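This report describes selected local features of one protein model. The sequence and coordinates are shown first, and the description follows.

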Amino acid sequence: MSHPLQPAEPEPTGAPPGGEPLPDERSTEVAVPDGDDLAVIEVPAGDGDAQRSPVGRLAATVERLRREVREAQAEADGRALIELAKGILVERLGCGPAQAARQLAELTEQAGVSPLEFAVEVINQAARDRVAEVTSAFLASTAEDRDSGASAVRLRAAESGALAAHDAQAVAESLMEHALRPIGAEAVAIWALGSDGSLTLAGSAGFSAAEAGRWRYVPPGVATVARRGLGERSGHWIGCLSDTQLPSIGQHLHPDGGRAAVPAGTGGRIHGVLEIVWPGPIEPQSPQIVRQVEALAELCAHTLETSTPPRPGDEWRPGVLPDVAELMDLADGLHDPALVLLPYLDAEGELVDFRIHHVNSRFLDPSGRPRGVVTGSLLLEAYPMAAGESELFDQVERVYATGEPFRARRMRLTALVDEVPLAAVADIHASRHGGCVLLIWRMEDETARLASLLQHAQRLGRIGGFEENLITGEITWNGQLYDLYGKPPSDGPIPLENLPAHAHPDDAVAIGRFLRTLLHHRRPASVAFRLQRPDGVTRHIRVVAEPELDTDGRLFVVRGAYQDISAHHWTEVALAATRDQLAHSEQQASERNRLALQLQHAIMPPTQAPLDAPGLRVAVRYRPAETQHLVGGDWYDAVVLPSRLVLLCVGDVAGHGIDAATSMVVLRNALRGLAVTGAGPAQLLSWLNMVVHHLTGGVTATAVCALYDPERHTLRWARAGHLPPVLVRGTEASPLPLVKGLLLGAVPEATYEEGEVQLAVDDTLLMYTDGLIERRDRSVEESLTQLLVAARTVPPTLEQQLDRLLTYSKSDTDDDTCIVGVRVA
């Protein structure tokens, strides 16, 4: 494989005597660099290196496609030039197209040249510069448009005016009169782009002198419509100026007008901007109008390239190249690697690459190639990957086009050497000087970067390094170690043998063991000790050291590092104290939960013997929470009072743990004592509310209280924020009509409503806490509906019915559950 910067030698081919070499039908043409051009060589199909390699195949394909494109372009350009020559004869001779065609044919025959050669001569005589190429390109692009004839006439008229104009102001007036007013435009401005990114109004038409004077100069960095057009290759088209909030010339005259800002450039370099103003909003323009405006912008570019726009205090002249030798001298005087790049244009005058004209003595190639190999090469030849991941070529191209400098830190540079990509990192600066680009890159010094990283890591880790020569007594400390000891560098380092004198006396034994292991047994060692600094501060330090032996096995150097572990030490102390405190708290919590559970089971066992009441069957069920630390405050009671009435109640104290359990005991016993007075359920809850509010320290609870009269078969009941009881009669189940009642403990005094229901034989009344039905994923109403469905199935015994409700409960809150069932016999 040949070097990418060195042309490959063509293989010898046979040739008949006195003639050209015979082409091999199996050969492939490969393009290789040859000075400023590309040399085409034929590589036989049997050549194992060039023909079968990816680079060889790619080069052959590119050259074949390039040849086909050139042939197609030449054919199209030829037809366009002939038609343009006919147009010139129509204008100059005042005849029709058919007569102009006959005249062109006769003149071509008399001159003895081809029609294309004669057409070129006619165009050159009429234009005398490259402006005619703009016209021919525009005519070729609009040859199939229906209005191409009118567009061509307008463009030729504008071209004639531009050729006759002596400055950009005259060009603006000519464009306005011949090309822009026919498409509805109201005004036009031609801006010249300065090397510093500023914009200067070089010419205008349709604006007053005062308006043009106010917009004579736009400093760099000011966002305007014209500057927005610099950033887009196809220009910036605005339907309505007021929608963009961008300032521009004539904005107060036509605030709702349309705008077009198209960059004016030639040969890859932007010289300015053509800005067109419409009096009102515009719709998206047709491709014909867009192409016409682009052609007019290129006409302006040729004028700006050779004119000198006025700028305050600046002698910049667009189109005038500085002395390349002066730029080379500037690059040689820099302390950073620098390259001087010259634009490389193709036959059509388009920018395709940059030639590395000069590199200074400090230049460093990413792949280590000599400066002589890189100098003279094209930028994309020397660094093919510059057009890829780093986008370096695009940035250099933009600098050349707009004149705006480019800076980047830590840009990735990639060079391709022998098909192997080699990468490096550099800081980049590119700037335009006339027609040249100065590219500066500072390669990142890996050694310096690693040293900086090491120093940064030592500072963050509070680590200081040392080296002690035991033969010469020379000791070296870094700056971080002096900071750890709290000593100025002028005091000098401390030998390892003197370490106990600077440590806490209680650490002398550990330090002595460390020194014996290191100096006597000659093994690596470490020790943690308390360093007593001269400023009175005590720091916890860990020192790690290892010995180094000479060729005779004698110890002569000890190297190591000190690290400040004070923060780590105190963190461990705090963690140890926290662990002890946590263990103590866990022990207390476990004890409290155990006591709460014992208290709960003592007051309310999970099952209870049937209540002996005349004409009534009573059963209760209690299911504690599955998790012991969630011991709750659910409670129930069923007792026959001295009045022969039966007290039935369930309740739920908010919260969990020992506080909830003790509060539950208070409420249960208080209600039992209050019921002896013979008061009704509503009055009992009112008194119980005062007990909760004044005696339990801010506890809240819900409850249902009922009194059943066995003789009358009536049930009087009241509720305090609790779910109503459920009555099961036959195959139907429904909640009792809701009565009003605020939860216990919310206010100091509260009144409660009382309800009464007549029970029949075999009726079942269910009183329960929310742990039976509560779910996280549905409302209480939905859960209550499911309970009613389950309660309609009545097993033979009341106990079986309660067990069935607990078994098929769909609650998922892991809360306590109480159920009191009453069946009339």
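## Aspartate 652

In which strand does aspartate 652 lie? Aspartate 652 belongs to strand β22, residues 646-656; helices (H or I, at least four residues) and strands (E, at least two) are DSSP runs numbered from the N terminus. The model is predicted: local features need pLDDT of at least 70, side-chain atom pairs count only at pLDDT 80 or more, and totals for chains, interfaces and linings use all residues. Residues are numbered from 1 along each chain as its sequence is written, and side-chain values use heavy atoms, with hydrogens and water left out.

Aspartate 652 has a relative accessible area of 12% and is therefore buried (under 20% relative accessible area; exposed is over 50%, partly exposed in between, with a 1.4 Å probe and protein chains only). Neighbours within four places in sequence aside, aspartate 652 is in contact with Gly633, Asp634, Trp635, Thr700, Ala701, Thr702, Asp770 and Asp815, where contact means heavy atoms within 4.5 Å.

## Helix α19

Helix α19 spans residues 681-695, 15 residues in total. Its first and last C-alpha atoms are 21 Å apart, close to the 21 Å expected at 1.5 Å a residue; the expected span is 1.5 Å times one less than the number of residues. Among its buried residues are Leu684, Leu685, Leu688, Val691 and Val692. The buried residues of α19 pack against α18 (658-675), β23 (701-709) and β24 (714-720).

## The six-stranded sheet

Six strands form an open antiparallel sheet in the order β5-β4-β3-β8-β7-β6; two strands pair if DSSP finds at least two bridges between them. The edge strands, β5 (217-218) and β6 (236-238), each pair on one side only. Within this sheet, β3 (187-193) and β4 (199-205) are joined by six bridges in the antiparallel sense. Tryptophan 191 stands opposite leucine 201 in β4.

## The β16-β17 hairpin

Strand β16 (525-532) pairs with β17 (538-549) in the antiparallel sense over eight bridges, and phenylalanine 529 has isoleucine 541 of β17 as its bridge partner. The two strands form a hairpin with five residues between them, and glycine 536 in the turn has a positive phi of about 90°.

In a regular strand the side chains alternate between the two faces of the sheet. The covered face of β16 carries Ala525, Val527, Phe529 and Leu531, while Ser526, Ala528, Arg530 and Gln532 are on the uncovered one.
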